[in-house]
Amino acid sequence: MNNRNLSVDLAGLQLKNPLITASGTCGFAVELNEYIDIERLGAVTVKGITVDPRDGNPVPRIAETPSGILNSIGLENPGVDKFISEKLPELKDYELPIIVNISGHSLDDFACLASKLAPCDGIAALEVNVSCPNIEGGGMAFGTDSELIYKVGKIVRKEYDGKIIVKLSPNVTDIVEMACAAEESGADIISLINTLLGMKIDTRQRKPALANVFGGLSGPAVKPVALRMVYQVAQKVDIPIIGMGGIMTANDALEFLMAGATAVSVGTGTMVDPEILMEIIDGLEEYMRDNSIDSLDQIIGIAHSAIG
């Protein structure tokens, strides 16, 4: 039985396969190694890093919903300085690309994060989370305004000459406009989608299930929305896409690849069962073997050509 070549070229990043962990769902990745061989993954994305340490939002901050979960973790993390001094050295022991997710509440925050991480060895790319509220701009999320996405991308590009991924929010009217702004800012890659804003009410206690009232919905419930947005964005941008949103099986991953994603991220599925990541890699290889496919390039974006 011949093994298939699952490698992909993500804007110059060479991944052994298209499977990436989604930020915020596997800590700093080393935690996953208790359950799976993380070096089989294409890459890992660590949890969101901010300028200062954050304790996150009050509990409860995660709630199960039909076909998904709501979370309002609130970016709990040790801050960029502690990440560089304590967490990053641990990650360097592993033979796989490390993507660092950064979050800010002002343009200065993003500039600070990018400048501090720029000289660090062992980072394959920065993933810029534009879903946080812009405190200086009245609290509106960066990711809901194409001009702000452009400004964030430009300021990160000014401070960081490595690969930049801009992670887009689905809570917008026109995802293509946001994607084009990210591309024009100098981003090398786009990832989408982040979570959809939602809520749940605890009817026994007669109050919102989350202490923060609202949270981000992820899991299989959001997959059709994510897939639609990846398909739309792939038609308009020339930079590669990391697709995510409810991927639980190899067939889910194949849908995103055929919609135009070059790589895929798995989040909620990892929390349900980390073995899902290995099963998806094995499933992709099986699909390629069963369909005589030598390279994933043969199917990336193929759904577009079927429409004509």
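Visitor: Which residue of E14 is the bridge partner of Asn 71?

Guide: In this predicted model, Asn 71 has Gly 216 as its bridge partner in E14.

Visitor: What makes strand E6 and strand E14 a pair?

Guide: Two strands pair if there are at least two bridges between them. Strand E6 (residues 68-71) and strand E14 (residues 214-218) are joined by three bridges, so they count as a pair, and they run antiparallel.

Visitor: Let's turn to the helices. How do you know whether H5 and H6 are roughly parallel or roughly antiparallel?

Guide: Helix H5 (residues 223-234) and helix H6 (residues 250-259) pack at about 25°, with axes 8 Å apart. Angles under 35 degrees count as roughly parallel, and therefore H5 and H6 are roughly parallel to each other. Among the residues making the contact are Leu 227 and Val 230 of H5 and Phe 256 of H6. The contact residues divide into seven nonpolar, no polar and three charged.

Visitor: And Leu 15: why is it called buried?

Guide: Buried means under 20% relative accessible area. Leu 15 has 2% relative accessibility, so Leu 15 counts as buried. Leu 15 lies in strand E2 (residues 13-15). Beyond its neighbours within four places in sequence, its contacts include Val 8, Ile 20 and Ala 263. Leu 15 and Ala 263 are 248 residues apart along the chain, yet their C-alpha atoms are separated by 8.8 Å.

Terms used:
Residues are numbered from 1 along each chain as its sequence is written. This is a predicted model: local features need pLDDT of at least 70, side-chain atom pairs count only at pLDDT 80 or more; totals for chains, interfaces and linings use all residues. Side-chain values use heavy atoms; hydrogens and water are left out. Axes are lines fitted to C-alpha atoms, for helices over the stretch in contact, and angles run from 0 to 180 degrees between N-to-C directions. Helices (H or I, at least four residues) and strands (E, at least two) are DSSP runs, numbered from the N terminus. Angles under 35 degrees count as roughly parallel, over 145 as roughly antiparallel, 65 to 115 as roughly perpendicular and the rest as oblique. Contact means heavy atoms within 4.5 Å. Ala, Val, Leu, Ile, Met, Phe, Trp, Tyr, Cys and Pro count as nonpolar, Asp, Glu, Lys and Arg as charged, and the others, Gly among them, as polar. Buried means under 20% relative accessible area, exposed over 50%, partly exposed in between (1.4 Å probe, protein chains only).
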